[in-house]
Number of protein chains: 2
Amino acid sequence: MRVGFIGLGVMGRPMATHLLNAGHEVSVWARRPESAAPLVSAGATGCASAAEVARRSEVVVTMVTYGHDVEAVAFGPDGLAEGFAEGSIHVDMSTISPGLAREFAARHAERGVGWIDAPVSGGDVAAAAAQLAIMAGGDAATLERVRPILSCFGHRIVHVGEAGAGQVAKACNQMLMVSTIQACAEAMHLASAHRVDLAAVHTALMGGSAASKVMEVFGDRMVRRDFAAGVQARLHHKDFGIFLGDAVKLGAPLPIAAQAGQQLNALMAQGWGGDDTASLLKVLELSSGGDRD
Amino acid sequence: MRVGFIGLGVMGRPMATHLLNAGHEVSVWARRPESAAPLVSAGATGCASAAEVARRSEVVVTMVTYGHDVEAVAFGPDGLAEGFAEGSIHVDMSTISPGLAREFAARHAERGVGWIDAPVSGGDVAAAAAQLAIMAGGDAATLERVRPILSCFGHRIVHVGEAGAGQVAKACNQMLMVSTIQACAEAMHLASAHRVDLAAVHTALMGGSAASKVMEVFGDRMVRRDFAAGVQARLHHKDFGIFLGDAVKLGAPLPIAAQAGQQLNALMAQGWGGDDTASLLKVLELSSGGDRD
């Protein structure tokens with residue numbers, strides 16, 4: 001298939017490479033040409049603009065950071081909308097607000113362009129291994145058309161509902177994940193206050209009903225005090241800004257997610273946004289006088 | 001081995017039965033004789049008091065609800081302490097405060113009696129299947145002596161540290177578990193406010209980084225609105241009372257666990273203590289005008 005890819009960062013680069021390896025005809029554009037260079041060397045066609053990517057592609061995938069990035073790429077000057085033929089499809093895999101996803105879907109629909117929001121879970125490790133979990137929102141028939149593309153990124157593709165529903169599932173995922181990281185941090189902090197060996201507590205907890213992927217990975221980082229980035233906390237902070245704002249508009253009380261958001265604010269204030277979200281343990285230690293180990 | 005068992009409730013009854021099936025010589029006593037009757041029919045020796053159980057046993061296991069129950073059984077009139085020979089061991093598998101566990105260990109030690117705190121995770125299903133996760137605190141040599149007993153209840157036995165350390169791990173487990181249930185409830189509540197299908201969100205989340213045993217089991221109950229008790233919420237409420245009190249004494253800030261405790265308070269105020277902890281979803285709905293599905 002003729003596929004465009006825009007957003008060749010830590011997630012997008014391996015994903016675009018999977019498309020090339022699967023034999024798709026891939027076109028790329030990047031604001032900074034050096035981001036596109038490795039893909040072009042590997043066989044992708046470098047374009048001068050997003051509009052040119054759209055002209056050359058049946059389906060264009062975007063994987064950028066912010067909602068305003070998606071808007072600029074899709075509807076800004078030289079954007080996708082200027083190049084899309086009727087019947088093309090824009091698959092946005094960024095994490096943005098459900099409301100923006102619905103708005104972009106409607107704007108494309110006016111010109112006969114399809115839309116799928118398909119944010120992912122799993123991070124750069126799963127992106128590299130083509131094992132991303134994909135949460136898709138949009139029209140079912142449109143999703144079927146792009147399924148061969150999405151399958152290059154991971155095999156757990158869940159159609160959650162109409163446009164925006166993929167972003168709702170992603171918001172739920174991020175809320176649950178960071179709240180669980182915070183709960184792990186509190187468990188470790190309580191064990192530490194009791195002067196009990198954290199590695200033993202971690203092992204005990206991994207056998208019990210509270211076991212989770214988060215406890216396994218982030219709990220272990222806390223035990224080893226390894227706060228180098230696996231997932232940069234600033235990205236979680238960004239996601240919390242989106243869905244906590246939505247919760248205000250929707251009148252949905254989210255007491256512990258809101259509290260976890262406050263802890264992320266404190267983390268950012270310490271300048272730890274480039275560190276791993278396991279740094280939430282250090283935030284707790286700040287307010288009780290430091291690491292007790 | 002000659003083993004006593006006191007506390008023949010929903011957890012204790014299958015556990016004592018496993019001891020009999022493994023060929024141990026089991027003595028039992030219960031405040032209400034009808035609780036002991038099924039075990040006596042199955043081959044256990046019924047005793048007239050906890051003291052008599054202690055006289056007949058090398059090791060006595062207790063599995064009761066509250067710290068004051070353990071104290072009454074161990075140190076009250078006709079209690080274990082009156083019957084224990086020097087070198088006997090009291091294995092308490094109840095969930096009580098780490099401080100009480102340390103105190104009971106010290107009181108037994110004065111008379112040459114050993115102590116292990118060995119609270120469990122997994123509930124009645126794991127108790128019946130002999131697959132409990134066991135978090136042990138106490139002297140390592142004493143733990144080795146009772147390992148053949150504990151192995152009848154489950155094979156994941158972690159020695160966390162000295163007396164009380166098993167209870168610290170259990171507190172961490174309960175904190176993490178209920179906080180995660182609350183986070184699941186908030187995720188479901190947000191999805192519902194967005195009018196997205198909860199079953200699809202649950203499926204999507206189970207494939208992502210936020211997946212957990214709690215999300216699988218309690219998230220599913222929330223989707224199906226099945227609030228009949230798997231785990232009675234009043235037991236989680238009891239556990240939160242213990243460790244949040246400890247956190248005050250230790251000066252350990254636990255922001256989301258404290259908030260989850262508030263939600264459990266609201267649940268209890270609704271009279272839902274006998275229902276499953278998945279009822280935390282209903283608590284959220286109360287404050288935003290009911291189920292939005």
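Q: Which residue forms a salt bridge with Glu58(B), and how far apart are the closest N and O atoms?
A: Side chains of opposite charge can pair when their charged atoms come close. Glu58(B) pairs with Arg2(B) in a salt bridge, with 3.8 Å between the closest N and O atoms; the term stands for a side-chain nitrogen of Lys or Arg within 4 Å of a carboxyl oxygen of Asp or Glu. This is a predicted model, in which local features need pLDDT of at least 70 and side-chain atom pairs count only at pLDDT 80 or more, while totals for chains, interfaces and linings use all residues. Residues are numbered from 1 along each chain as its sequence is written, chains are lettered from A and ligands numbered from 1 in the order in which they are written, and side-chain values use heavy atoms, with hydrogens and water left out.

Q: Where do Glu58(B) and Arg2(B) lie?
A: Glu58(B) is in the loop between helix H3 (50-55) and strand S4 (59-62) of chain B, and Arg2(B) is in strand S1 (residues 2-6) of chain B, so the pair ties together parts that are 56 residues apart in sequence. Helices (H or I, at least four residues) and strands (E, at least two) are DSSP runs, numbered from the N terminus.

Q: Is Glu285(B) buried or exposed?
A: Buried means under 20% relative accessible area, exposed over 50%, and partly exposed in between (1.4 Å probe, protein chains only). Glu285(B) is buried, at 7% relative accessibility, and Arg225(B) is partly exposed at 30%. These two form a salt bridge, the closest N and O atoms being 2.8 Å apart.

Q: Which residues are linked in a network of salt bridges?
A: Glu71(A), Glu103(A) and Arg107(A) are linked in this way. Over all chains, the whole structure has 20 salt bridges, but the count between chain A and chain B is zero.

Q: How many residues does each chain give to the contact, and what area do they bury?
A: The size of an interface is often given as the accessible area lost when the parts come together. Chain A and chain B bury about 5,100 Å² between them, 74% of it on carbon and sulfur atoms; buried area is the accessible area (1.4 Å probe) that two parts lose on being put together, summed over both. The contact (heavy atoms within 4.5 Å) takes 65 residues from chain A and 65 residues from chain B.
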